[in-house]
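Hello,

Here is the structure I said I would pass on. Please look it over first; my notes follow below.

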Amino acid sequence: QQQQQQHQGTGRQVPCILGLGTAVPEFVVRQAEVVDELVNWMGLDAKDQSRLTRIAAASRVQTRHISVPMRDTLWGRRADEAPASIDERNAAYRKLAPGLAHRACEAALRDWGGAWGDITHVVGVSCTGILVPGLAFHVAQSLGLSSRVQRTNVGMMGCFGACSGLRVGAGLAALDPRHRVLVVCCELSSLHVQPDRRADALVGSMLFADGASAVVVGCNPVAAARERALFEVLRSDAVVIPDTQQLMGWELTGSGWNLTLSKEIPQAIVAHVRPFVERLLREELGSGAAGSNNSNNS
């Protein structure tokens with residue numbers, strides 16, 4: 001019997017997350033190991049070493065998963081030698097990303113419990129490498145999905161790329177209750193560690209790691225097919241904060257992707273996140289759901 005997922009009596013079909021899966025690479029490094037490797041690799045003096053140690057402690061990250069051993073991530077070079085080229089880094093991405101994405105997709109499909117042949121669309125998300133055909137093609141092939149599966153790739157969306165992929169997947173699912181959309185996000189950030197002493201580059205080297213996640217999205221979960229709604233995707237929204245484009249960047253260079261990460265980012269987000277969330281809630285739940293002056297609202 002089909003369970004109708006309709007929104008507040010309006011008849012609008014609500015996309016649901018029907019399955020979840022994640023995957024991480026096999027190599028695990030402790031944050032202290034990363035600090036030691038970077039200090040030796042870049043030949044940091046006492047001042048920069050102390051700064052890197054403080055950044056590592058403030059990150060509160062204990063361990064991270066990376067796609068290749070730490071010394072290989074540093075490309076076997078010293079900081080006074082030419083850094084690895086984008087060709088070398090992207091070749092590693094092309095080799096490693098499809099397999100990691102496949103594992104996350106397989107976990108999501110098994111969690112979903114439906115027939116893999118029922119997947120109608122695949123959405124691939126990534127910003128840490130370039131792959132043609134895209135990630136969606138590679139996972140569709142490796143999973144043995146239908147040759148008629150429709151593919152979409154969401155690229156270079158940065159930290160909110162997975163949210164953009166989920167929005168695309170939800171939109172595709174809402175077009176037809178028969179649609180089952182596999183969305184996968186895979187990032188191999190460790191491939192782009194640079195011998196860069198700028199504070200934002202050091203912060204990036206202490207935060208980002210490698211991993212993949214996937215979801216199956218569809219409307220009207222079918223109980224007979226063992227489907228169940230884990231979450232509902234009710235609404236998405238976006239806002240551009242004025243005059244902030246320069247605060248964060250991901251620039252392609254001959255030696256890989258270079259990160260810009262301003263310390264002003266948290267303040268910019270804090271100043272705008274509340275009205276953004278309140279508007280989102282008002283539009284979805286009604287004018288009384290948000291915006292209260294009650295001091296307990298957060």
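Glu227 counts as buried, because its relative accessibility is 7%, and the cut-off for buried is under 20%. This is a predicted model, so please read everything here with that in mind. Glu227 is in the loop between β7 and β8 (231-232). Its side chain has a polar partner: the side chain of Arg180, at 2.8 Å. What else is Glu227 in contact with, leaving aside its neighbours within four places in sequence? The list is Leu18, Trp112, Arg180, Asn220, Pro221 and Val222.

Two of those names come back at Ile119. Leaving out residues up to four places away in sequence, Ile119 touches Leu109, Trp112, Leu145, Val149, Arg180, Leu182 and Val216.

The largest nonpolar core has 32 residues. Ile119, Val122, Leu182, Cys186 and Val216 touch the most other members. Two or more residues come from each of β1 (16-23), α4 (86-112), α5 (135-142), β6 (181-188) and β7 (210-218). Which element gives the most? It is α4, with 10 residues. As background, nonpolar side chains tend to be buried together in soluble globular proteins.

Ile130, Val132, Met156, Trp250 and Leu252 make a nonpolar surface patch of about 470 Å². Leu252 belongs to strand β9 (residues 248-253). Leu252 counts as partly exposed because its relative accessibility is 45%.

Gly254 is in the loop between β9 and β10 (256-261). Is Gly254 buried or exposed? Exposed, with a relative accessible area of 59%.

Now the charged pairs. How many salt bridges does a search of the whole structure find? The count is 13.

- Arg197 and Asp48 meet through their side chains at 3.7 Å, N to O. Arg197 lies in the loop between β6 and α7 (199-207) and Asp48 in helix α2 (residues 46-59), so the pair ties together parts that are 149 residues apart in sequence. Arg197 is partly exposed, at 36% relative accessible area, whereas Asp48 is buried, at 12%. Arg51 joins Asp48 and Arg197 in a network of salt bridges.
- Asp200 and Arg198 form a salt bridge at 2.7 Å, N to O. Asp200 is buried, with a relative accessible area of 12%. Arg198 is partly exposed, with 34%.
- Asp237 and Arg279 form a salt bridge at 2.8 Å, N to O. This pair links distant parts of the chain: Asp237 is in the loop between β8 and β9, and Arg279 is in helix α8 (residues 265-285), 42 residues apart. Asp237 is partly exposed, at 32% relative accessibility. Arg279 is partly exposed too, at 26%.

Last, the overall figures. The protein has eight helices and 10 strands. Of its 298 residues, 43% count as buried. Among contacts with a separation of 6 or more, 81% join residues 24 or more positions apart. The accessible surface comes to about 15900 Å². Carbon and sulfur atoms hold 53% of that surface.

Best wishes

Notes. Residues numbered from 1 in each chain as written. Predicted model: local features only at pLDDT ≥ 70, side-chain atom pairs only at ≥ 80, totals over all residues. Heavy atoms only, no water. Core = buried A, V, L, I, M, F, W, Y, C linked by side-chain atoms within 4.5 Å. Buried < 20%, exposed > 50% of the residue type's maximum accessible area, 1.4 Å probe, protein only. Helix = DSSP H or I, 4+ residues; strand = E, 2+ residues; numbered from the N terminus. Contact = heavy atoms within 4.5 Å. Polar contact = N/O pair within 3.5 Å; in protein donor to acceptor, adjacent residues only side chain to side chain. Patch = residues over 30% accessible without salt bridge, like charges linked within 9 Å, V, L, I, M, F, W, Y side chains within 5 Å. Areas by Shrake-Rupley, 256 points an atom, 1.4 Å probe, with all protein chains shown as cover. Salt bridge = Lys/Arg side-chain N within 4 Å of Asp/Glu carboxyl O.
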